[in-house]
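Visitor: I am new to this structure and would be grateful for a close look at a single part of it.

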Amino acid sequence: LADISGGSEFKWRERSSQEICSMAMFQFGPAAGKMFQNAIVKGRYPKLRIFEGKEQVASINHITGMLVPTLEGCKYLLDNDIHTVKIADFEITGNVFAVGVEDADPNIRVGDEVAVIRNGELAACGSARMSGEEMVESNRGEAVRVRHRTK
């Protein structure tokens, strides 16, 4: 059998981490390449989860094939100002509506995973229901379907 590893020992954990980094760059842009550098993929399809150490930072949606970050994973989005939605100072009890959005990343598309920011801190994460520009310009409609929120 031919050695396809280029002469070195093929490391599956490194490959899966590189694949997750590539997915993050595709989904969130080039700045997200470092988002999951130390990622470990656990589970079996369709329930794949991404961990950094003992903390789950994302999962993979088996329908779309996209990364779904947890609150811990969304902290990276906040730190790098990627896919962020800034809201007014109110308590999130359900989804976020456009009337409460103060600013949003213009690169956000419908269906993108976003981090919701309140007073400079992570308040929630979820899925965009409007583009970033629509969130800022609109006064009605659901802007973010919240998946996780801080307490």
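In which sense do E8 and E9 pair, and over how many bridges?

Guide: E8 and E9 pair in the antiparallel sense, over six bridges. Strands (E, at least two residues) and helices (H or I, at least four) are DSSP runs, numbered from the N terminus, and two strands pair if DSSP finds at least two bridges between them. The model is a predicted one, in which local features need pLDDT of at least 70 and side-chain atom pairs count only at pLDDT 80 or more, while totals for chains, interfaces and linings use all residues. Residues are numbered from 1 along each chain as its sequence is written, and side-chain values use heavy atoms, with hydrogens and water left out.

Within this pair, Ile 117 has Leu 122 of E9 as its bridge partner. The two strands form a hairpin with two residues between them, and Asn 119 in the turn has a positive phi of about 55°.

Arg 118 belongs to strand E8, which spans residues 113-118. Arg 118 is buried (under 20% relative accessible area, with a 1.4 Å probe and protein chains only), yet it has no salt bridge. A salt bridge would require a side-chain nitrogen of Lys or Arg within 4 Å of a carboxyl oxygen of Asp or Glu; the nearest side chain of opposite charge, Asp 89, is 4.3 Å away. Here Lys and Arg count as positive and Asp and Glu as negative, while His and the chain ends are not counted. A polar atom of the Arg 118 side chain does lie 2.8 Å from the backbone oxygen of Phe 90. Beyond its neighbours within four places in sequence, Arg 118 is in contact (heavy atoms within 4.5 Å) with residues including Ile 87, Ala 123 and Thr 150.

Gly 126 has Val 146 of E10 as its bridge partner, and Ala 124 stands opposite Arg 149 of E10.

Methods. Buried < 20%, exposed > 50% of the residue type's maximum accessible area, 1.4 Å probe, protein only. Polar contact = N/O pair within 3.5 Å; in protein donor to acceptor, adjacent residues only side chain to side chain.
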